[in-house]
Amino acid sequence: MPKQSKVTIYSVAERAGVSISTVSLAVNAPHRVSESTRARVTAAAGALGYRLGAPAGRDTAGTRITVAAPFSTYSTYFRRFAGMLSRARDTAVELTAHDLDSAASASAPLLDALPARRGVDGLIVMGVPLGTAATRASRESALPLVLIDVRRARPVGHEAPVVLVDDKEGGRLVGEHLRERGHRRVVYLGEPQLSQDYISAGMLRMEGLSEFVEFDRVTCPLGADPTRALKAALSAPDAPTAIVANHDELASRAWRSVTSLGLSVPDDVAIVGFDDGPLADGLGLTTVRQPFEESGRAALELVLGLTAGTSAPVRRIDLVPSLVVRGSTDGRAAPHPGASASR
């Protein structure tokens with residue numbers, strides 16, 4: 001038997017005596033193919049060791065989607081996943097989570113081994129860019145694929161549909177807000193990015209931020225204490241008067257660092273985060289609210305449309321963030337739950 005890595009949709013089509021488009025229909029929209037043709041395609045795929053979305057003998061009432069993301073690194077991916085779970089509730093859709101390494105912590109973050117097994121109908125990948133091999137494998141196996149929060153620095157041709165939050169606009173919202181409150185120079189606090197193979201959310205946020213204020217970039221490894229780096233930045237000549245953190249958890253650590261240095265928030269140093277979850281609300285943290293749950297629902301809609309063969313030719317969905325002003329940048333805003341104001 002040929003190795004699976006060498007088998008393509010063309011191999012299955014030749015063995016079954018059908019066109020590649022017929023094989024694709026048998027995988028993605030089996031109701032549009034006759035039972036006898038479906039059986040020939042399934043038999044050919046099975047003999048060649050080729051992965052099909054709906055192999056023979058399986059109950060086709062359920063649709064199985066694998067969702068891959070750096071869940072254990074960033075909790076916000078669970079919020080995207082929660083949006084998918086909400087959309088899939090009371091349906092026959094089965095969702096399976098697969099943990100990935102963070103792209104930020106890898107020198108070669110491109111994902112080339114797709115986390116899909118036999119019997120999976122579709123794949124959603126969040127936060128980690130695909131390499132050429134994975135893109136080719138998805139195309140050749142006719143595996144429906146949708147991306148969330150993935151921007152490759154160098155496109156690899158026909159990209160999969162993608163759902164994005166406008167991070168550059170998020171940076172603009174923060175920059176405009178801080179400028180209006182008299183800040184001219186800020187710190188942008190984020191994790192080190194080891195690879196330039198992808199465009200990170202932080203890169204786009206800094207680009208939007210720079211339209212309104214100057215910033216010093218300060219990096220802090222995942223889970224590390226940023227106090228020493230912030231002390232150096234905040235004690236320099238023409239010191240920044242605000243900190244913009246790449247996510248709310250990092251903003252909470254920055255707040256603790258600022259307090260330990262004998263400074264107050266927001267009178268001495270203002271702090272802004274990104275994400276807007278219970279942590280930000282509890283701290284009274286000004287932050288950028290991202291439509292995580294909506295992005296998950298949108299991605300699932302796209303991949304289900306692809307598996308059914310009914311999806312419109314949508315290649316990209318852009319969602320817009322909003323700013324939530326709380327006490328960490330505005331002393332007039334009460335720093336407790338329920339006192340936020342969206343802008």
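Strand β8 (residues 242-245) runs parallel to β6 (185-190), joined to it by 4 bridges; strands here are DSSP E runs of at least two residues, helices H or I runs of at least four, numbered from the N terminus. Two strands count as paired if DSSP finds at least two bridges between them. Within this pair, V187 stands opposite I243 of β8.

The model is predicted, so local features need pLDDT of at least 70 and side-chain atom pairs pLDDT 80 or more, while totals for chains, interfaces and linings use all residues. Residues are numbered from 1 along each chain as its sequence is written, and side-chain values use heavy atoms, without hydrogens and water.

β6 also pairs with β7 (residues 214-219), again in the parallel sense, over 6 bridges. Here L189 has V218 as its bridge partner. Because 5 of its 6 residues are buried, β6 is largely enclosed by the rest of the structure; buried means under 20% relative accessible area (1.4 Å probe, protein chains only). Together, β6, α7 and β7 form a right-handed β-α-β unit: with the strands pointing away from the viewer, the path from the first strand over the helix to the second runs clockwise.

The structure holds 1 cavity of 30 Å³ or more. A cavity is a set of points on a 1 Å grid where a 1.4 Å probe fits but cannot get out, and lining residues have an atom within 4 Å of a point. Its lining comprises 37 residues, with Y74, D149, S200, A201 and N246 nearest the centre. Helix α7 gives the largest share, 5 residues.

Methods: 1 Å grid on protein atoms, 1.4 Å probe; cavity = no way out; pocket = protein on both sides within 12 Å on 5 of 7 lines; lining within 4 Å. Points joined across faces, edges and corners; volume = space filled by probe spheres on them. Buried < 20%, exposed > 50% of the residue type's maximum accessible area, 1.4 Å probe, protein only.
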